[in-house]
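Here's a quick briefing to read with the model open beside you.

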Amino acid sequence: MKKEKIILAATSALAVLALAACSGSTNKDIATMKGGTITVSDFYNEAKNTSNNQQLVQNMIVFKAFGNKYGDKVSEKEVNAEYKKNEKMYGDSFKSQLAAAGYTEDSYKQLIRDNLVFTAGLKANVKITNEDLKTAWKTFHPEVEAQIIKLSSEDEAKKVKKSADDGADFTKLAKEKSTDSDTKDDGGKVKFDSETKTIPNEVKEAAFKLKDGQISNVISTTNTTTYATDYYVVKMIKNQSKGDDMNKYKKELEQIATDTQVANRDFQKEIIAKVLKEENVKIKDDAFKAILSTFNTEQSNTKASGSKTNSSETKTSDSSSK
């Protein structure tokens, strides 16, 4: 499978330097020439109004506020586990992609921590109602056991489907034909439920309709990494109906409802505004006086004092609204 390029911060080297300038001497020379001198202050005044730098400062403020309030909810073990997962996902190109995006191992781990703390802070404010559970129940399907064969062409998928229908061993077909490196060696065996992210929705929906031992028709999906069309053939090993007892799956439904709220942009803005207010965030530089207006906080409308932002942080980050 072709590995996608790591999507890190959409911030430029200028953004990093601009924020670094805030912590150093504003009179320090960056360059001298016959016609004059360019100082750190000159550069900061030029760079601070760009959209990238405005977004960067907003992210820094949000992450700092959430870190102060919820930082103890994320351990180093969690950060390292997420780092290792990304390292494994992108293989040999991982470090080169980090470097190309302007990250070191330490600064990328800080970004991971910021994002995990942000998510933890959102989850700490989630309140699940019975209506939320009922909504989650409508689309929920419990875990099933199945075998999948992934193929790159429709013709090949049709051949595999015919061979399986004619009695060929599905495990052997998966090992020989499947392009899914994560499952082929185990004969395509996989477990998933309605919330599993590693199985395409089209495949899940088709699989849930199968009876034990039944083989699906060819299923086409769009690969979210390459945007190419992938084809699947699925054999159901053990399906199960969710039945009528919602309480049996209450834990799973609570997780679904929580994830739904955390992903909601309006909920994110509401909680960010709440945290910024609790952390008494004040904007002190006129150049950034409107950067919190999207959260409708009192702080975003406060008249800035004109003094430069006092921050020694230079890391980049993803958008605060994940």
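**Briefing**

Asn 280 sits in the segment after helix 12 (265-278); helices here are DSSP runs of H or I with at least four residues, strands are E runs of at least two, and both are numbered from the N terminus. This is a predicted model, where local features need pLDDT of at least 70 and side-chain atom pairs count only at pLDDT 80 or more, while totals for chains, interfaces and linings use all residues. Residues are numbered from 1 along each chain as its sequence is written, and side-chain values use heavy atoms, leaving out hydrogens and water.

**Positive phi**

- Asn 280 has a phi near 55°, a positive value in a residue other than glycine.
- Tyr 227 isn't a glycine either, yet its phi is positive at about 65°.
- You'll find Tyr 227 in the loop between strand 5 and strand 6.
- Tyr 227 counts as exposed because its relative accessibility is 67% (exposed is over 50% relative accessible area, buried under 20%, partly exposed in between, with a 1.4 Å probe and protein chains only).

- Four strands make an open sheet in the order 4-3-6-5, with antiparallel pairing (two strands pair if DSSP finds at least two bridges between them).
- Strand 4 (189-192) and strand 5 (219-222) are at the edges with a single partner strand each, so one side of each has no neighbour in the sheet.
- Strand 3 (residues 144-151) and strand 6 (residues 229-238) run antiparallel and are joined by seven bridges.
- Ile 149 has Val 233 in strand 6 as its bridge partner.

**Helix 7**

- Leu 133, Ala 136 and Trp 137 are buried in helix 7 (residues 130-139).
- Looking down the axis of helix 7, those buried residues fall within an arc of 105°, so they line one face of the helix (the arc is that of the directions from the helix axis to the C-beta atoms).
- Glu 131, Lys 138 and Thr 139 are exposed on the other side of helix 7.
- The buried residues of helix 7 pack against helix 11 (250-263) (contact means heavy atoms within 4.5 Å).

**Helix 6 on helix 11**

- The axes of helix 6 (residues 105-124) and helix 11 come within 10 Å and cross at roughly 115° (axes are lines fitted to C-alpha atoms, for helices over the stretch in contact, and angles run from 0 to 180 degrees between N-to-C directions).
- On the helix 6 side, the contact is made by Thr 119, Leu 122 and Lys 123, and on the helix 11 side by Gln 255, Thr 258, Asp 259 and Val 262.
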